[in-house]
Amino acid sequence: MTAVLQGSLFGDVEAVGLGSLRPIRRTALRHGAWIDLLPGWVAGADALFERLAGRVRWQAERRQMYDREVTVPRLLSFVEEGQPLPDPVLDQARAALSRHYAAELGEPFRTAGLCYYRDGRDSVAWHGDTIGRGATEDTMVAIVSVGATRALLLRPRGGGPSLRYRLGHGDLLVMGGSCQRTWEHAIPKTARPAGPRISIQFRPRGVR
């Protein structure tokens, strides 16, 4: 699959690499949840976007929604534990995150889910990653965003004011503590022009 990312059309393509995780900033949320945010962690993120867009075997999935089957409004790929990641930079990112959060998480990140949002019509509804241990245990999900900027929203489970984070071009957001079971997150559709974006979600074993 090919995609045209506007940000990559200007200037030289920067070498892809990772910055330090030390400047990451934590925000405490209600109910024992927290968010860590580090803008621009991945240098050369537009080049990484182009590589992933072309290398990953993207799948268009259909899911049952009430009484009918609908097309999932984004393309998906999932890398199981032990399977190779589609780019060496993702191996480096997973290893760096596992080292940084070793004391808190107590285990490494093992799997990677990739989502391809082709334009503003692609989205993901409100949800928490509660398939598996995330439904009952504190855990972490680390999201790396490459490509165009899109809004990620967070709100307390059961309703309440939402928080908005604009993620893209190498930004890192980590959801930790009770976040998956006490908060929900979403990527809403937008009528504004929106370029393509890929998110990579690193998770520990048994969290989906």
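Helices (H or I, at least four residues) and strands (E, at least two) are DSSP runs, numbered from the N terminus. The model toured here is predicted: local features need pLDDT of at least 70, side-chain atom pairs count only at pLDDT 80 or more, and totals for chains, interfaces and linings use all residues. Residues are numbered from 1 along each chain as its sequence is written, and side-chain values use heavy atoms, with hydrogens and water left out.

**Two loop histidines**

Begin by selecting His 31, in the loop between β2 (25–28) and β3. His 31 is not a glycine, yet its phi is positive, near 65°. Most residues other than glycine have a negative phi.

Select His 169 next, in the loop between β12 and β13. Its phi is also positive, at about 50°, although His 169 is not a glycine. His 169 counts as partly exposed, because its relative accessibility is 34%; here buried means under 20% relative accessible area, exposed over 50%, and partly exposed in between (1.4 Å probe, protein chains only).

**The largest nonpolar core**

A nonpolar core is a set of buried Ala, Val, Leu, Ile, Met, Phe, Trp, Tyr and Cys residues joined through side-chain atoms within 4.5 Å. In the largest nonpolar core, which has 36 residues, select Trp 41, Leu 172, Ile 200 and Phe 202, the members that touch the most others. Two or more residues of this core come from each of β3 (33–38), α1 (45–55), β7 (75–79), α2 (88–100), β8 (111–117), β10 (141–147), β13 (171–177) and β15. Another core, of 20 residues, lies apart from it and includes Leu 29, Cys 115, Trp 183 and Ile 187. In soluble globular proteins, nonpolar side chains tend to be buried together.

Stay with Phe 202 and display its contacts, a contact meaning heavy atoms within 4.5 Å. Not counting residues up to four places away in sequence, Phe 202 touches Leu 90, Ala 93, Arg 94, Leu 97, Phe 109, Thr 111, Ala 112, Met 140, Val 141, Ala 142 and Val 144.

Now colour helix α1, where Ala 45, Asp 46, Ala 47, Leu 48, Phe 49, Leu 52 and Ala 53 are buried. Against which elements do the buried residues of α1 pack? They pack against β4 (42–43), α2, β8, β10 and β15.

Move to Gln 201, in strand β15 (residues 197–203). Gln 201 counts as buried because its relative accessibility is 8%. Its side chain makes a polar contact with the side chain of Ser 199 (2.7 Å). A polar contact is a pair of N or O atoms within 3.5 Å; within protein, one must be able to donate a hydrogen and the other to accept it, and residues adjacent in sequence count only if both atoms are side-chain atoms. Beyond four places in sequence, residues touched by Gln 201 include Thr 111, Leu 114, Cys 115 and Ile 143.

From there, select Cys 115, in strand β8. Cys 115 is buried, at 9% relative accessibility. The residues that Cys 115 touches, not counting those up to four places away in sequence, include Trp 58, Leu 76, Ser 199 and Gln 201. Between Cys 115 and Leu 76, which are 39 residues apart along the chain, the C-alpha atoms are separated by 4.8 Å.

**Cys 179**

Next comes Cys 179, in helix α4 (residues 179–182). Is Cys 179 buried or exposed? Cys 179 is buried, with a relative accessible area of 2%. Leaving aside neighbours within four places in sequence, Cys 179 is in contact with Leu 29, Ala 33, Trp 34, Ile 35 and Leu 154. The C-alpha atoms of Cys 179 and Trp 34 are separated by 6.5 Å, although the two residues are 145 residues apart along the chain.

**Asp 129**

Select Asp 129, in the loop between β9 (124–127) and β10. Asp 129 counts as buried, at 4% relative accessibility. The side chains of Asp 129 and His 127 make a polar contact (3.5 Å). Among the residues that Asp 129 touches, not counting those up to four places away in sequence, are Gln 180, His 185, Arg 203 and Arg 208.

**Glu 69**

Finish at Glu 69, in strand β6 (residues 68–71). Glu 69 is partly exposed, with a relative accessible area of 46%.
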